[in-house]
Amino acid sequence: MARYTTLRIGGNADYFYQPASVQELVTLVSDLQKRGEKWYVLGGGSNLLISSEGVRGHVIRTAGLTGIKILEPGLLEAEAGARLPHLAKMAAQSGLSGLEFAVGIPGTVGGAVIMNAGAHGSSISAILKTALVLDSASGTVKEMTNEELAFQYRRCILDPLRHVVLSAKFIMPQDLPELIEARTRHNEEYRLKTQPIGFPNAGSTFKNPFPDKSAGFLIDSSGLKKTQVGNACVSELHANFVINLGNATSHDVAALLKQMQSTVKEKFDIDLTPEWKTMGEFSDDELSVWRTKK
Ligand SMILES: Cc1cc2nc3c(=O)[nH]c(=O)nc-3n(C[C@H](O)[C@H](O)[C@H](O)COP(=O)(O)OP(=O)(O)OC[C@H]3O[C@@H](n4cnc5c(N)ncnc54)[C@H](O)[C@@H]3O)c2cc1C
């Protein structure tokens with residue numbers, strides 16, 4: 001699975017699928033659910049640590065679902081696998097504003113809804129009108145409103161082990177394409193200066209515990225930049241980024257996250273919660289990193 005993640009880490013899945021349509025995705029998940037099989041949905045793999053021991057179960061990648069439609073002026077619909085940077089650039093060219101923040105977020109629409117992806121003072125929840133969601137527990141597909149999705153910082157009400165985001169509609173006010181493109185370019189350039197783009201990574205590792213105290217500040221102030229476990233390393237450029245120096249394993253990364261968490265706890269008495277999700281086989285000790293207080 002390594003090649004499907006931005007961290008370039010992950011062993012094989014037992015079964016792997018790339019449905020070509022939303023209907024195919026719904027049928028596949030509903031069928032697996034009825035048979036009591038374990039399944040996982042994979043978007044851009046940009047907020048994910050997949051076990052080097054692989055995934056026992058079925059992994060369904062949404063890369064085939066990339067449809068984007070302007071339904072009416074100011075209303076855009078995108079399928080779950082559409083990539084945010086592509087969507088942001090396409091919207092800008094069409095004079096639709098609101099996605100300028102997303103140009104440097106290498107995820108998909110589905111992953112962005114689950115994570116309430118955001119940057120530069122905005123987030124998916126600011127422009128999302130509705131999302132079409134499969135609830136595998138009831139086998140129903142429902143168009144959920146922004147309010148029903150109950151967005152919070154980097155989360156919403158949906159559980160990726162139960163719900164599948166099929167597509168989403170965005171309200172995007174019209175503006176001059178030159179102005180939107182200028183804002184988009186500005187955000188893109190800022191990222192190039194502040195993020196370690198030369199090494200595989202999965203974006204911010206931990207959530208910011210407080211609006212005025214970022215995880216990056218706490219990790220940096222704990223002297224953790226350049227700390228290494230195996231080939232996993234805390235970035236020197238941005239302390240909340242963990243980079244893969246080459247052939248790092250999920251075990252290296254989990255051990256490094258644990259060290260970052262315990263050092264910040266010791267120094268500041270603050271619990272850091274990972275922003276990343278996990279997929280596949282991890283030991284209880286490794287999973288304890290994800291069991292901190294929210
Ligand atoms: C260089 C870099 C910069 C980043 N910058 C930002 C940033 O500024 N802001 C930010 O918020 N994030 C950022 N991220 C993190 C990441 O891109 C976002 O969280 C993104 O929304 C994840 O989307 P994805 O498709 O890659 O999800 P994945 O990593 O594939 O999956 C994440 C979770 O969502 C679930 N999921 C994915 N698709 C679906 C679906 N269709 N239905 C149900 N569940 C699904 C998965 O099962 C998993 O639990 C960055 C990452 C990188 C590598």
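Let me begin with terms: helices (H or I, at least four residues) and strands (E, at least two) are DSSP runs, numbered from the N terminus. What you have above is a predicted model, in which local features need pLDDT of at least 70 and side-chain atom pairs count only at pLDDT 80 or more, while totals for chains, interfaces and linings use all residues. Residues are numbered from 1 along each chain as its sequence is written, and side-chain values use heavy atoms, with hydrogens and water left out.

I will start with proline 19, which sits in the loop between strand S1 (13-17) and helix H1 (22-34). Proline 19 is buried, at a relative accessible area of 2%, where buried means under 20% with a 1.4 Å probe and protein chains only. Beyond its neighbours within four places in sequence, proline 19 has contacts (heavy atoms within 4.5 Å) that include Glu24, Leu28, Ile60 and Leu65.

Now the cysteines: cysteine 156 is buried at 9%, and cysteine 233 is buried at 8%. Taking a disulfide as a pair of cysteine sulfur atoms within 2.5 Å, the count is 0.

Finally, the nonpolar cores, meaning sets of buried Ala, Val, Leu, Ile, Met, Phe, Trp, Tyr and Cys residues joined through side-chain atoms within 4.5 Å. The largest has 34 residues, and Val109, Ile124 and Phe170 are among those with the most contacts inside it. Helix H3 (109-115) is one of the elements giving two or more residues to this core, and the largest share, 5 residues, comes from H3. Apart from this core lies another, of 26 residues, including Ala202 and Met260.

Conventions:
Buried < 20%, exposed > 50% of the residue type's maximum accessible area, 1.4 Å probe, protein only.
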